[in-house]
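The stops below go from the whole chain to its helices and then to its sheets.

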Amino acid sequence: MTRNLLSRLAACGSAGLLSHAALADPAEKDLSGWGQLNMPQGVTEISRQIYNMHMFMFWICVVIGALVFGVMVYSIFAFRRSKGAVADTSLTHSTPVEIIWTTIPAVILVACAIPAAKTLIHTEDLRNTELTIRATGYQWGWHYEYLDQGVSFYSRLARDSDAASQLDSGIDPGTVPHYLLDVDNPLVVPVGTKVRLLLTAEDVIHSWWVPDFGVKKDAIPGFINEAWFDVDPDKPGIYRGNCAELCGRGHGFMPIVVDARSKADFESWLKAKAAAQAKQPAAAAN
Ligand SMILES: [Cu+2]
């Protein structure tokens, strides 16, 4: 029992690492080498805004770090005691210095806060959405409902990942494509469409996270959280994510896969799915 738990926890950790590496699937996009270290630029306007914010802050930090450590290292070497340096005790207060080192950080903070606030407001702008999907997290999977179309299904860890993750399965996870990042029924969405996601959970708190969309929002029992994304029209494809809230033993085993299709493909998929579910109402939830 304990061994089983430990192996599951280890797998959770590796799922977390995998998710960073990519969500980075070399077959789907080139993120080899240094590209894996940074966050993805993504395929939505919001994700690119977030990426640009991140790089803006990053370079500010690099410049501040280089300046501060540069002055520090220079001072330590240039004014060391072995060279006869003596501490200057005459300077106890300087109003101009106080003003400078208060004003500059304040300006930097405001320069960061303005674009950050703009991006944050943009992420919460749920006007003019064209499709509404409710995603319900549970231990351990997702349930998706296309509210206006009456289509719903569960999305669980793909069987081959599940089999390989079992203790003493004898299956090398390295041989499983998209190990722990694949599901049986991906969420299908149209590109070039503002999709509203309503997030909730049935048991504990989960979090719906797809880095390429710039979306990460908690799914909380008893609450409905909202998020939206609009995949670039020229970027249909498969996008992967994870539950990002530690939600129990199977936390690392409830990936998210979104299949972004052209509008025409999406419509025909939706029609076929609705027709299939109408035929088999008892199995509709699956
Ligand atoms: Cu979860």
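The model is predicted, and local features need pLDDT of at least 70, side-chain atom pairs count only at pLDDT 80 or more, while totals for chains, interfaces and linings use all residues. For your selections, residues are numbered from 1 along each chain as its sequence is written. Of the 286 residues of the chain, 26% count as buried, a residue being buried if 20 or more other C-beta atoms lie within 10 Å of its own, exposed if 12 or fewer, and partly exposed in between, with C-beta atoms placed from the backbone.

Next, select residues 45–78, which are helix H2. The 34 residues of H2 reach 49 Å from the first C-alpha to the last, close to the 50 Å expected at 1.5 Å a residue, where the expected span is 1.5 Å times one less than the number of residues. H2 is hardly covered, since the count of buried residues among its 34 residues is two.

To see the contact, show Ile46, Gln49, Ile50, Met53, Phe56, Met57 and Ile60 of H2 together with Ile108, Cys112, Pro115, Ala116, Thr119, His122 and Thr123 of H3; two residues are in contact if their C-beta atoms, placed from the backbone, lie within 7 Å.

Now turn to the open sheet of five strands in the order S3-S2-S1-S5-S8, whose pairing is mixed; two strands pair if DSSP finds at least two bridges between them. Strands S3 (151–155) and S8 (225–229) stand at the edges, each with a single partner strand, so one side of each is left without a neighbour in the sheet. The twist averages 20° from one strand to the next. Select S2 (residues 141–146), which pairs with S3 in the antiparallel sense over five bridges, and find tryptophan 142 opposite serine 155 in S3. Then move to S1 (residues 131–138), joined by seven bridges to S5 in the parallel sense, with leucine 131 partnered by valine 195. On S5 (residues 195–201), Val195, Leu197, Leu199 and Ala201 make up the covered face, and Arg196, Leu198 and Thr200 the uncovered one.

Finish at the open sheet of five strands in the order S4-S10-S9-S6-S7, with mixed pairing. S4 (187–190) and S7 (215–219) are its edge strands, each with a single partner strand, so one side of each lacks a neighbour in the sheet. S4 pairs with S10 (residues 256–261) in the parallel sense over four bridges, and proline 190 stands opposite arginine 261. Finally, select helix H5 (residues 263–279), which lies across S4 and S10 and runs at about 135° to S4.

Technical notes
Axes fitted to C-alpha atoms, helices over the stretch in contact; angles between N-to-C directions.
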